[in-house]
Amino acid sequence: MAFESLSDRLSKAMRKISGQGKLTEKNMNDMLKEVRMSLLEADVNYDVVKNFVADVKEKALGQEVMESLNPSQMVVKIVHDEVQTLLGEEDAQIHFKKQGMTTIMMVGLQGTGKTTASAKIAKYCKEKLKKRVLLVACDVVRPAAIEQLQTLGKEIDVEVFSLGANVNAVQTARQALDYANDRQKDLVIFDTAGRLHIDEALMQELSDMKALVQPDEILLTVDAMTGQDIVTVAKDFNEQLSITGLVVTKLDGDARGGGLLSVRSITQVPVLFVSNGEKVDDLEAFHPDRMADRILGMGDVMTLVEQAQERLDMEVQEKTAKRMQEGIFTFNDMLDQFGQVKKMGSIQNMMKMVPGLNKLARNMDTDVVDSEMKRSEAIIQSMTPYERDHPEVLKASRKNRIAKGSGVKVADVNKLIKQLEQMQSMTRMMSSGRMPNMSALQNMQRGGGLPGGSKHAGSKKMKKKRKKKRK
């Protein structure tokens, strides 16, 4: 995941300073040296790193910090605030017209996920902002892009306007504006052509379209995997088109993240959205303060809560919560929770947003956990309704039947029963007013007590060991 290495290195640097009884220029310099190396290795622009370290040092060695009761905490706050400053002081949003139709031009190089990002933003604006959206297929250079946008439009139930690949992009845009006005659309998103590199023909086409459409926003999609090239591409597009915002894609990939930290500072163009996956739901409004929290290993509970409110079936959650308050948790409850977890996406991403669970998340292997969850679902679905609600009746003959029905071993059935018992134990603790501490949760994960996770199910080290044994 993006920023993972940087987050580890910065957390290590912060621990160095927090372990000191007193703040001195020497231990500050040691910490800043580690911070400087962390940022450079994450591919942050050299000048940005230089200014960042100088600003942190100046503020951290101020009299107010040096004489505070807990100077190390003050330094952590200063580093956090400076990271947020790099990312943007405030949340940036699409500027909608108070009356009439708002237009957005999506621009970017080929392969940055521009067409998918157009559909994601359309879905976001339709569902969260209640806008009547029209998508316009103006990438006539690549006919597959028209088909892709039409397929995505059907998936998100948003109309797509296209005149086909034989009509030029500017003509398509002109007719799309008339079409949108006639149908009183609130928002029109133009998916424009991209190239493998910036060239004169591309820029001329985009300039002609800009003159016609006079867009309220020009959003540039940039690939988080490209590192410092984000900055170069953003500068070039900005100089020629005056872009108003960035959409950072593939943030879920193995990106070092330095480009994202550099681009806002150098171009002064804000990031509006980040994409964390290939599904149309995998788009987040960009919040600089929350991203700074993630980078410094502080989690992001606000985003997790928002995602839960949007994606989860709250009736199911309320029913399960009420049962757990009464000390009840059965296989039916477990099956319900598996369904809820799937709606939230990656378990690993969820855990990374919870302070204290970050490190547990990094040791998980998502593929193995997903496989374990599917196996657990199959086992539960092979039980009778009575057995799901009364697991105490599961004796040898019933376990054999369930194992055969789900295509697993009896040992797997026993493992899931143990997992349920541990969840029941935690439920009883909660119903009596006692909350399980972090070490209890860690023990549950190691022993298979967290949904979908049998012993070592998510351990990357154990996966490597199994591969070696097979060899």
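In what order do the eight strands of the open sheet lie? I began with this point, working on a predicted model. The order I read is β3-β2-β4-β1-β5-β6-β7-β8, and the pairing is mixed. I noted β3 (159-161) and β8 as the edge strands, since each pairs on one side only.

**Entry: β1 and β5**

I examined the pair formed by β1 (residues 102-108) and β5 (residues 217-223). The two strands run parallel and are joined by five bridges. For Val107 I looked up the bridge partner in β5 and found Leu220.

**Entry: helices on the sheet**

I next recorded which strands helix α9 (residues 200-213) touches. This helix packs on the sheet against β1, β4 (187-191) and β5. Its direction makes about 175 degrees with that of β1. I also checked helix α10 (residues 229-241), which lies across β1, β5 and β6 (245-249). The angle of α10 to β5 is about 160 degrees.

**Entry: Asp282**

I turned to Asp282, which I located in the loop between β7 (271-275) and β8 (283-285). Is Asp282 buried or exposed? Its relative accessible area is 18%, and because the limit for buried is under 20%, Asp282 counts as buried. Leaving out residues up to four places away in sequence, I listed what Asp282 touches: Lys120, Val274, Ser275, Asn276 and Gly277.

**Entry: Leu261**

I placed Leu261 in helix α11 (residues 258-267). With a relative accessible area of 2%, Leu261 is buried. I then looked up its separation from Asp43, which is 218 residues away along the chain. The C-alpha atoms of Leu261 and Asp43 are separated by 9.0 Å.

**Entry: the chain as a whole**

I counted 23 helices and eight strands. Of its 471 residues, 49% count as buried. The accessible surface comes to about 23,500 Å², and carbon and sulfur atoms hold 49% of that surface. What percentage of contacts between residues at least 6 apart in sequence join residues at least 24 apart? I recorded 72% for the protein chain.

Key. Residues numbered from 1 in each chain as written. Predicted model: local features only at pLDDT ≥ 70, side-chain atom pairs only at ≥ 80, totals over all residues. Heavy atoms only, no water. Helix = DSSP H or I, 4+ residues; strand = E, 2+ residues; numbered from the N terminus. Buried < 20%, exposed > 50% of the residue type's maximum accessible area, 1.4 Å probe, protein only. Contact = heavy atoms within 4.5 Å. Areas by Shrake-Rupley, 256 points an atom, 1.4 Å probe, with all protein chains shown as cover. Pairing = 2+ DSSP bridges. Axes fitted to C-alpha atoms, helices over the stretch in contact; angles between N-to-C directions.
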